[in-house]
Amino acid sequence: MCGIVGYIGSKDAKDMVLTGLQQLEYRGYDSAGIALVHNQEVKIYKDQGRVEHLRELCDFAFCSHLGIGHTRWATHGVPNKINSHPHISNNGRFVLVHNGVIENYKKIKYTYLNEYTFYSETDTEVVANLIEYFSNQGKDTRDAILMSISELEGSYALLVIDQKDPNKIYFAKNKTPLIIGVAYDGVTIASDVIPLAGHCDQYVGLEDKTFGYITKEEIHLFNYFNKEISLKMKNLDLKNNEFGKGDFDHFMLKEIHEQPSIIRHLIQEYFDKEKINISPEIIKCIKNCTKINLVACGTSMYASYMAKYYFEKLCNIPSEVFVASELVYSSPLILDKPCFIYLSQSGETADSIAVMKKFMDKGYPSIAITNSVASSMAHLATYHLDIFAGKEIAVASTKAYIAQIVVCAILAKAVSGQKTNLKNNLSKAALAIEKILEDKILIKNIAKEIVDATNVFYIGRGIDYWVCLEAALKLKEISYIHTEAFSSGELKHGSIALIDRGVPVIAICTQEGTNSIVRSNLIETKSRGAKDFVFAMESMSEPSDDFIIPNVAHYLAPIVSVVVCQLLAYYVATLKGNDVDKPKNLAKSVTVE
Ligand code: M6R
């Protein structure tokens, strides 16, 4: 996780790097640091806390034209000043920032670096000293870096400054993203395209196991055989204002509000009148398979349950959802001809990538459904589908969830070849979400009733239960209230013991077949003291229900009912005064296993 940015050019590197870091804070935000070259000397500023705090530390007038910076999500060592990046080698020559995890850092320490002193608890400091070690053996900096990275196991995006020649930024990349952007006035290198937006015209996403260096005018890229690689630059068509909060207090609220227009955008992208526009190869890949394995983490995994539902109902293809972090270390029974579909907003989730590599190595085709065409997963997979949700900045995923479900519904329809009124139903769902957004004050009032709870339970069955899983994740990750989702029928097999007086239990009722039984289960909790809430679809609502969800096609109910739960989570978290967009202990892109 962590975000890194480097800049070299005629603009002020301090501003470029600090602004870039602020834009990358979604990747981690427990500490931040920057190294700036001034009069051929490197100056380092770093501390625990946000980039805003680092900005205060950098309240000086000098202008620098080369800098590297880091915003951290701690893996090795607590968040404090010493563990913050940049780290420097013992003789002070190599200054380095790192995103990723060096798995063999202990082995490197005792193999090569017994004579070295380590000040931090990080794996990163080992890399700085390893470069120094090889450089002390007479290697030039580029070779010393190559020899060092050839020893590393794990993931890394590294930026390095050599104090003896502080006119270059060296870099190396393996298993964690690194993108170089070019502008007329300089070069930016970062963990994401966002810091490039607004000033770079072209970019290149680096491949794994590449390294090199940038100067103000040049980029040199090499593979690990030390062979120079030509750069395949792409045009960058992103504007800075695409990443602002607009009139909203938080990115999360803005992203929740974007959902109707994302559904409409997906209709435009994937429908040509009534015909679905998806590459015939992707359709063939799914049609030819005997089982679909859906692999994902977190919110994307909960979206995968809906994908399973669509593929089984519409295409008659057995489908199973796998937690990526489990699948990577297990060997499920793979029969006949499986197809693997990976759902990931970022396309950078380490666990999902590890599974993708594992099963692609075995020869199984993969379809990545991501929100970033430039992501590692989009690049690695046999096929890629875009969810067109626009950059999601808030750590809590909202719009990506509904966009993933919509794309899977469209894909399943296309594979089924059935005549479809999906387009029309999606348009209705977009309208229904707009209606919920208009009524959001009602949800804010419900939030006031649960803000002081220590436990909250969501209950539902079938499709509604899958939404409960996502609703519970949303509430817990930003409000820090312990929230669980239960299939309502399972309650009396143990979990109902948790119901005490006043515990909020929220039932989601959008499916005719299960509505009355979920309500009965809710009454069972109410009889034991629970404070009950019902979010019900209009067609099956009752006067006492707490929120009425406008009617939509039953199979699209999740993309509508979830909006009520997203807003509830948002309001509870804001009432508690939490940092909604950057909840504690989390990061947006989980690029470590
Ligand atoms: O980028 P991905 O969709 O692969 O990310 C997966 C999860 O890390 C992510 O959905 C996470 O659970 C969110 N914080 C949920 O809001």
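A: Start with Lys173. In this predicted model, Lys173 is buried, with a relative accessible area of 3%. The cut-off for buried is under 20%, so Lys173 falls within that class.

Its partner is Asp208. The two side chains form a salt bridge, with N and O 2.5 Å apart. Lys173 sits in strand β8 (residues 169-174), while Asp208 lies in the loop between β11 and β12 (210-214). The pair therefore ties together parts that are 35 residues apart in sequence. Asp208 is partly exposed, at 29% relative accessible area.

Next, the strand β11. Strand β11 (residues 202-205) runs antiparallel to β9 (residues 179-183), and four bridges join them. Within this pairing, Ile179 has Gly205 in β11 as its bridge partner. Both strands belong to an open sheet of eight strands, ordered β3-β2-β4-β1-β10-β9-β11-β15, with antiparallel pairing. The edges are β3 (41-48) and β15 (234-235), and each pairs on one side only.

Arg50 and Asp579 form it, with the closest N and O atoms 2.6 Å apart. Arg50 is in the loop between β3 and α2 (51-57), and Asp579 is in the segment after α18 (557-575). This pair links distant parts of the chain, 529 residues apart. Arg50 is partly exposed at 29% relative accessible area. Asp579 is partly exposed too, at 30%.

Two further lysines are worth a look. The side chains of Lys435 and Asp439 meet in a salt bridge at 2.7 Å, N to O. Lys435 is partly exposed, at 37% relative accessibility. The salt-bridge count comes to 21.

Lys399 is the other lysine. Lys399 is found in helix α13 (residues 399-416). Lys399 is buried, with a relative accessible area of 2%. The side chain of Lys399 reaches the backbone oxygen of Ala389 at 2.9 Å. Beyond its neighbours within four places in sequence, Lys399 is in contact with residues including Glu255, Glu258, Gln259 and Ile262. Ala389, Gly390, Lys391 and Glu392 are also among its contacts.

Conventions. Residues numbered from 1 in each chain as written. Predicted model: local features only at pLDDT ≥ 70, side-chain atom pairs only at ≥ 80, totals over all residues. Heavy atoms only, no water. Pairing = 2+ DSSP bridges. Helix = DSSP H or I, 4+ residues; strand = E, 2+ residues; numbered from the N terminus. Buried < 20%, exposed > 50% of the residue type's maximum accessible area, 1.4 Å probe, protein only. Polar contact = N/O pair within 3.5 Å; in protein donor to acceptor, adjacent residues only side chain to side chain. Contact = heavy atoms within 4.5 Å. Salt bridge = Lys/Arg side-chain N within 4 Å of Asp/Glu carboxyl O.
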